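Here is a short briefing on a protein model. Look over the sequence and the structure first, then read the notes by topic.

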Amino acid sequence: MRAAELVDAGDVRLRDVDRPEPASDEVLVEITDVGICGSDLHWYEHGRMGDRIVEEPLVLGHESAGRIAEVGSDVEGFSSGDRVAVEPGVPCRRCEYCRTGRYNLCPDVSFMATPGTDGAFREYVAWPADFVHPLPDSVSTRDGALCEPISVGLQAVDRGEVDVGDSVLVVGAGPIGTLAMACARAAGASEIAVTDIVDSKLERARSFGADHAIDGRAGDVAERVRDHLDGGADVVIEASGARPAVETALDSVARDGIVVLVGLAPDAEVPVSTYDLVRGQIDVRGSYRFANQYDDAIALLEDGRIDVGALVDFADPLSEIGEALERASDPAILKGMVSVGEE
Ligand SMILES: NC(=O)C1=CN([C@@H]2O[C@H](COP(=O)(O)OP(=O)(O)OC[C@H]3O[C@@H](n4cnc5c(N)ncnc54)[C@H](O)[C@@H]3O)[C@@H](O)[C@H]2O)C=CC1
Ligand SMILES: CC(=O)[C@H](N)C(=O)O
């Protein structure tokens, strides 16, 4: 089968490799669609993330869906041809976090497209059946592949305890921020503001349903948030990881509000006034990946409550993976995808 391997920074090669055999508890998925995530671009551009370095060829891509090609001997409930979304992180299932349903925090998770665990820019993936989710007829595999970033959005909204009537500010209108916004709306948020520093992202946020799209380059964002959202946002979801954006998030929350930090910013140290946090009774929370969110993501797609297709700017074939990764690096692109098997 063909697999796109990252061999060095900026160097991804299509190679013929052995097709995997599913273990008894696995299914073999013929991959059809894979989203390109910012983390794929980071690995591609730098060949490393923090102290994790790509030393062996690594297949990128962790937002994937496809069709069942083979079913392991102990697996029940799947048949060849079933269309499925593949959840990319398989935890140990034994630790305290796994046993209490918080498997996104498992220290021994194998997550696709990180050193040691190949991702989905390849024709077939053998994957544990309990981390593979059937798609209803009305949900395409292209949309199903994006259950992954939708699940990140759902997790953020859960962490923010977004409820009916809440006002929400989303900082950063990339795919994660945009999907968090859609998930907040689905959870009942009544008024949603979004801020970004790229014009096209602000326009896309508006067309995706933001009530207020605030240009982060033009002056005091927090003040404008307070004007629009009656004194501040009940919940702020920070989805950029940029230092000034984190400051905006902390400054824009209403009293008794919750700030959810989703953006990953290894170097962003931000001064925090603990005095303001205490007096405002503010919760600041991290939100990491997702746990048990795929079924809800699929339900939102099935109900048409998230038009995830509107996020997608292009879908290139696997044979053009290098060009696809370059195209996706353009800040105006919201979501690029790779179609596997369609040439
Ligand atoms: N916590 C988690 O589980 C996960 C975290 N992430 C992280 O979430 C963040 C968002 O992911 P993507 O949407 O894929 O990234 P992205 O880079 O596509 O989007 C970030 C957006 O933030 C905007 N931005 C940058 N500086 C800003 C500022 N000062 N004010 C307002 N907006 C600003 C950018 O213009 C861009 O539109 C990244 O840091 C990513 O690493 C992604 C997936 C999972
Ligand atoms: C950071 C990412 O983009 C990825 N979804 C991950 O959880 O590692």
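α9 gives the most to the lining of the second largest pocket, with four residues. Helices are DSSP runs of H or I with at least four residues, strands are runs of E with at least two, and both are numbered from the N terminus. This is a predicted model, in which local features need pLDDT of at least 70, side-chain atom pairs count only at pLDDT 80 or more, and totals for chains, interfaces and linings use all residues. Residues are numbered from 1 along each chain as its sequence is written, and side-chain values use heavy atoms, with hydrogens and water left out.

**Second largest pocket**

- The second largest pocket is lined by 17 residues (lining means an atom within 4 Å of a pocket point).
- On a 1 Å grid over the protein atoms alone, a pocket is an open set of points where a 1.4 Å probe fits, with protein on both sides within 12 Å along at least five of seven lines.
- L250, D251, V253, D276 and L277 lie nearest the centre of this pocket.
- α8 (243–252), β17 (253–261) and α9 (274–280) are the elements that give two or more residues to its lining.
- Its volume is about 390 Å³, taken as the space filled by probe spheres set on the grid points, which are joined across faces, edges and corners.

**Helix α1**

- G47 follows α1 and has a positive phi, near 65°.

**H212**

- H212 lies in strand β15 (residues 212–215).
- H212 is buried, with a relative accessible area of 15%.
- The side chains of H212 and H228 are joined by a polar contact of 3.3 Å. Such a contact is a pair of N or O atoms within 3.5 Å; within protein, one must be able to donate a hydrogen and the other to accept it, and residues adjacent in sequence count only if both atoms are side-chain atoms.
- Beyond four places in sequence, H212 is in contact (heavy atoms within 4.5 Å) with E191, I192, A193, V194, H228 and L229.

**S190**

- S190 is in the loop between α5 (175–186) and β14 (191–196).
- Not counting residues up to four places away in sequence, S190 touches G165, D166, R185 and D211.

Terms used. Chains are lettered from A and ligands numbered from 1 in the order in which they are written. Buried means under 20% relative accessible area, exposed over 50%, partly exposed in between (1.4 Å probe, protein chains only).
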